[in-house]
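Subject: Structure handover

Hi,

Here is the structure I promised to pass on. Please open it and keep it beside you while you read my notes.

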Amino acid sequence: MIGTITLNPSVDIRYTVEEFSIGSVTRVKQVERTAGGKGLNVSRVATLVGEQVQAAGFLGGASGDFIRSEIKKSDIFDAFVQIQGETRSCHNIMGESVSSTELLEPGPYIDSQALEVFHQTYERMLSECKVITASGSLPQGIPQTYYNQLITKANEKGVRFLLDTSGESLKAAVAAKPFFLKPNHEELEILIGKKVSSEQDIHEALQMLSDKGISFCVISMGKKGSMAIVDGEKYRVTFPAVQAVNTVGSGDSFVAGIAVALSRGYNAEETLAFASACGTANALESQTGFVQQETVDFLKQQVKVEKII
Ligand SMILES: Nc1ncnc2c1ncn2[C@@H]1O[C@H](COP(=O)(O)OP(=O)(O)OP(=O)(O)O)[C@@H](O)[C@H]1O
Ligand SMILES: O=P(O)(O)OC[C@@]1(O)O[C@H](CO)[C@@H](O)[C@@H]1O
C-alpha cells in the first residue's frame with residue numbers, strides 16, 4: 001500500500017474564463033471543484049492506475065467535509081485528522097486564451113493536539129506502507145523543518161519517503177535525506193540558490209543532491225521532460241509533443257507514477273517512463289490530478305529514457 005501525506009490539502013477551484021485582467025470584473029464560464037492539495041492529486045492518480053492508497057493530513061470545516069466525501073468516492077482510505085479550523089481553497093483561473101493563474105490560500109492553523117494525533121497516524125502508516133509520499137506546503141503552526149522529522153522516521157523503518165515540496169521546507173529537507181525529491185526548474189533554483197540555465201547546470205545540481213545522499217532525484221521541466229539521477233546514474237526523459245489541456249497537477253501525477261512504480265518493483269528506466277506518462281496523461285485532461293489508465297499505457301510506450309554517460 002502507498003501512504004500519502006497532504007498536510008495542507010485544499011478544495012481546488014478551477015475557473016474557466018474567456019478573458020482575465022487584473023483590476024476588472026470577470027464573469028466565470030465554468031466552475032469545477034476537486035479535492036486537491038498536491039498529495040490528494042497523488043492519491044487519486046495512484047488509485048486510478050490501480051494501487052491501494054491511504055491518505056493522511058489535516059481536514060476541517062465545510063471544505064474538509066467536501067474533501068472527505070470526494071475521498072470516499074475515489075476509494076482512497078481516509079486517514080485524515082479532523083481539525084477545528086477550515087481547510088483552504090486554491091484557485092486556478094484559466095481559459096483558451098488565458099494562461100493558468102493560481103491563487104493559493106495559506107491554510108488553517110494546526111494546534112499541538114491535532115499534531116499529536118497525526119503522529120500516531122503516521123506511525124501506523126509506516127508499519128503498513130512500503131512507500132510514503134509527502135507533498136505540498138505546510139499549514140500555519142507547522143515548522144518548515146517538519147518534513148525532516150517524518151523523513152528520519154521513515155528512513156529508520158526502511159520505508160521509501162518521496163518528497164515534493166518547495167521553498168524553505170524543501171531546502172531544510174535535503175539534510176534529512178529523503179529517498180526521492182522532485183524539484184521543478186523554479187524550485188531547483190531556489191533550492192541551490194543560483195540560476196540553472198544549461199543542461200550542464202542540471203547535471204551539477206543532480207550530482208550535488210546525489211552526493212548529499214538523495215537516492216532518486218528528478219528535475220521536472222514540464223513539456224521538455226525531466227532529468228534524473230538514480231543511485232548515481234543520470235537519465236534524460238523525453239516524449240513527443242502533445243496538446244496540453246491543463247498541466248496543473250502534472251508534477252503530482254509524476255510523483256504518483258514514481259510511487260506506484262517503486263511499490264511494483266520497476267527498475268529505474270521503467271519507473272521514469274511510467275511516471276512521465278502519468279504526468280503527461282494528466283496534462284491531457286481538464287481535471288486537476290486525473291489520468292486515464294489507457295492514456296498512461298499508451299504514453300509509456302512513447303517516452304524515451306536515455307542513460308547519460
Ligand atoms: N505541457 C506538457 N506536455 C506534456 N507533458 C507535460 C506537460 N507539462 C507537464 N508534463 C508532464 O508532467 C511532468 C511534471 O511536470 P512539471 O515539470 O510541470 O511539474 P510541476 O512543475 O511540479 O507541476 P505542478 O506543480 O503543476 O503539478 C513532466 O515531466 C511531464 O512528464
Ligand atoms: O500550496 P501547495 O501545497 O504548494 O500547492 C497547492 C496546489 O497548487 O498544488 C496542486 C498542484 O500541484 C494543486 O492541486 C493545489 O492547489
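Let us begin with ligand 1. Its shell holds 20 residues, and the closest are Asn184, Ser220, Ser250, Gly251 and Gly279. Two elements give two or more residues to this shell: helix H8 (250-264) and helix H9 (268-283). By class, the shell around ligand 1 has six nonpolar, twelve polar and two charged residues. Keep in mind that this is a predicted model.

Next comes ligand 2. Here 18 residues surround the ligand. The closest are Gly36, Cys90, Leu104, Gly136 and Ser137. Which elements each supply at least two residues of the shell around ligand 2? They are strand S2 (10-16), H1, S8 and H8. The shell around ligand 2 divides into three nonpolar, eleven polar and four charged residues. Note that H8 turns up in both lists: it gives two or more residues to the shell around ligand 1, and at least two to the shell around ligand 2.

Now the sheet. Four strands form an open sheet in the order S3-S2-S7-S8. The pairing is mixed. Which strands are at the edges? They are strand S3 (30-36) and strand S8 (98-104), and each pairs on one side only. From one strand to the next, the twist averages 20 degrees.

Take one pair from this sheet. Strand S7 (residues 88-95) pairs with S8 in the antiparallel sense, over five bridges. Look for Asn92: this residue stands opposite Glu102 in S8.

On to the helices. Two packed helices are described by the angle between their axes and the distance between the axes. Helix H1 (residues 38-48) packs against H8 at an angle of about 50 degrees. The axes of H1 and H8 are 8 Å apart. The crossing of H1 and H8 is right-handed.

H9 packs with helix H10 (residues 293-302) at an angle of about 125 degrees, and their axes are 8 Å apart. H9 and H10 are therefore oblique to each other. H9 passes H10 in a right-handed crossing.

Last, the record. UniProt lists residues 11-290 for "domain: Carbohydrate kinase PfkB", in an unreviewed entry. Over residues 11-290, the chain is 40% helix and 24% strand. The end C-alpha atoms of that stretch are 15 Å apart.

Best wishes

Notes
Residues are numbered from 1 along each chain as its sequence is written. Chains are lettered from A and ligands numbered from 1 in the order in which they are written. This is a predicted model: local features need pLDDT of at least 70, side-chain atom pairs count only at pLDDT 80 or more; totals for chains, interfaces and linings use all residues. A residue is near a molecule or strand if its C-beta atom, placed from the backbone, lies within 6 Å of it. Ala, Val, Leu, Ile, Met, Phe, Trp, Tyr, Cys and Pro count as nonpolar, Asp, Glu, Lys and Arg as charged, and the others, Gly among them, as polar. UniProt positions are given in the numbering used here, feature names are shortened, and annotations may be inferred rather than shown by experiment. Two strands pair if DSSP finds at least two bridges between them. Axes are lines fitted to C-alpha atoms, for helices over the stretch in contact, and angles run from 0 to 180 degrees between N-to-C directions. A crossing is left-handed if the near helix is turned anticlockwise from the far one by less than a right angle, and right-handed if clockwise. Angles under 35 degrees count as roughly parallel, over 145 as roughly antiparallel, 65 to 115 as roughly perpendicular and the rest as oblique.
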